[in-house]
Amino acid sequence: MSSGPIRHLYVHIPFCPKVCPYCSFYKEASDRNKTQGFLDAVLAELDLRQRSLELRPETIFFGGGTPSALSTAQLDYLLAGLRARLDLSQLREWTLEMNPATVSLEKASRLRQLGVNRISMGVQSWDEGLLQVLGRVHNGAQAQRSYAILREAGFDNVNLDLMFAVPTQTRDQWSASLEKTIALQPEHISAYCLTYEEDTAFFARFTKGEFTQDASWDADLFEDTMDRLSGAGYGQYEISNYAREGRDCLHNLAYWLGADYLGLGPSAFSTVGERRWQNVADTSAYTGKIQAGTHAEAFSESVPGDLRRSEQIAFALRTNRGVPREWLEPWSREVAEFERDGFFSGSQDRVYLTRRGKMVADTLAQTFVSAPEHAR
Ligand SMILES: C[S@@+](CC[C@H](N)C(=O)[O-])C[C@H]1O[C@@H](n2cnc3c(N)ncnc32)[C@H](O)[C@@H]1O
Ligand code: SF4
């Protein structure tokens, strides 16, 4: 399925100002002693990959962890190093994730100069009590100041992340967070339903019964989200992602629509043709391996064409692009059933999730990961 140069590059920055109790992304508290070695390792990994892969990025995404946990000088070093190594003539979107506690005008302005043109900032909530429940390192006022700084630095494409179904959160609190976010007029809003991820402090509290989950409550908040954001002119182009026209995140869309991508840094995934690998989720081990001149893959697997197609179906279904009907031909019986039951709607050549279908997207997608029922 791979053809031509790789168009999408991800860089994982594993540092955070403070580790949040619900989060399972690979990260660690910032450690000054490790940082320079890590930055050199990312650049060396890029050199290593470019010996065998051709890269011409249309999108770059710096995620984490918290890329903005790096200092301005460190970001300068890393981004300038990347610029010197890459053909950026086709670059359309360069996103960097920020935590509101790590934004300064100097940093934001330098990022803009270096070519970053999209910022994704984790606000989560505007409610002070809920920010504390979430163990966030910033308060609402700081998040608002940081947003203003991003605008002052010239960013005209900003995403704000929000979370719902947070313990103790009321429906009014969620509505208020949506309203406050809409009033700031970001170009993009990601609204995630809290998931209790294994190996997090929240998961431990959940298994003890301290926190509970209620699917119908989550569904109510999800419906409120869709109603309010679509009413305010944000198109829901993926289950958790809403954007003003023309502001969909091109990088994430590329993942969801099944493009090849290269990931650099600890824990980063890559998928190129029929091969997928993940780097070791350990910053010291990652840096050591790359410094020794070897790859830092923790595992690698073959993803045969039919499995990649199944994954493409599952992801594309979550988007407003839908899935070509011909891809679903082996499951035509199941598709007809989902249409009859109001989970799918369709045109002659494409199939989409209805609002009802979006509530149970993961369960529906499971159908297309295995052979159709009647063919087994
Ligand atoms: C890598 S973080 C974003 C940037 C930055 N690290 C921050 O937190 O401000 C990506 C986003 O994933 C979401 N997220 C993290 N853990 C989650 C969970 N357990 N359930 C739902 N959303 C989660 C949060 O909205 C978070 O902003
Ligand atoms: S939510 Fe963001 S800041 Fe918090 S631990 Fe996860 S990556 Fe770090």
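Predicted model: local features only at pLDDT ≥ 70, side-chain atom pairs only at ≥ 80, totals over all residues.

Reader: Start with ligand 1. How many residues surround ligand 1, and which are the closest?

Author: Ligand 1 has 19 residues around it, and the closest are T66, Q124, R136, D161 and T195.

Reader: What polar atoms lie by its nitrogen and oxygen atoms?

Author: For the nitrogen atoms, a backbone N or O atom of Y22 is 3.0 Å from one, and a polar side-chain atom of T66 is 2.9 Å from one. On the oxygen side, Q124 has a side-chain N or O atom 2.7 Å from an oxygen atom of ligand 1.

Reader: How much of the accessible area of ligand 1 does the protein cover?

Author: Taken on its own, ligand 1 has 560 Å² of accessible area, and the protein covers 92% of that.

Reader: Which elements give two or more residues to the shell?

Author: Those are the strands β5 (93–98), β6 (118–124), β7 (158–164) and β8 (188–193). By class, the shell around ligand 1 splits into 8 nonpolar, 7 polar and 4 charged residues.

Reader: And ligand 2, what is around it?

Author: The residues around ligand 2 are C16, C20, Y22, C23, K27, G65, T66, N99 and R136. That shell holds 4 nonpolar, 3 polar and 2 charged residues.

Reader: G65 is on that list. Where does G65 sit, and what is the peptide bond from G64 to G65 like?

Author: G65 is in the loop between β4 (55–64) and α2. The peptide bond from G64 to G65 is cis, with omega near 20°.

Reader: Which non-glycine residue has a positive phi?

Author: T168 does, with a phi of about 75°. T168 is in the loop between β7 and α6 (171–184).

Reader: Now the helices. At what angle do α1 and α2 cross?

Author: Helix α1 (residues 32–50) and helix α2 (residues 72–85) have axes that cross at roughly 10° and come within 10 Å. That makes α1 roughly parallel to α2.

Reader: Which residues meet there?

Author: From α1, T35, Q36, L39, D40, V42, L43, L46, D47 and Q50 take part; from α2, Q74, Y77, L78, G81, L82 and R85.

Reader: How do the residues of that contact divide by class?

Author: The contact of α1 with α2 has 7 nonpolar, 5 polar and 3 charged residues.

Note on methods
Residues numbered from 1 in each chain as written. Chains lettered and ligands numbered in written order. Heavy atoms only, no water. Axes fitted to C-alpha atoms, helices over the stretch in contact; angles between N-to-C directions. Helix = DSSP H or I, 4+ residues; strand = E, 2+ residues; numbered from the N terminus. Parallel < 35°, antiparallel > 145°, perpendicular 65-115°, else oblique. Contact = heavy atoms within 4.5 Å. Nonpolar A, V, L, I, M, F, W, Y, C, P; charged D, E, K, R; others polar. Near = heavy atom within 4 Å. Polar contact = N/O pair within 3.5 Å; in protein donor to acceptor, adjacent residues only side chain to side chain. Areas by Shrake-Rupley, 256 points an atom, 1.4 Å probe, with all protein chains shown as cover.
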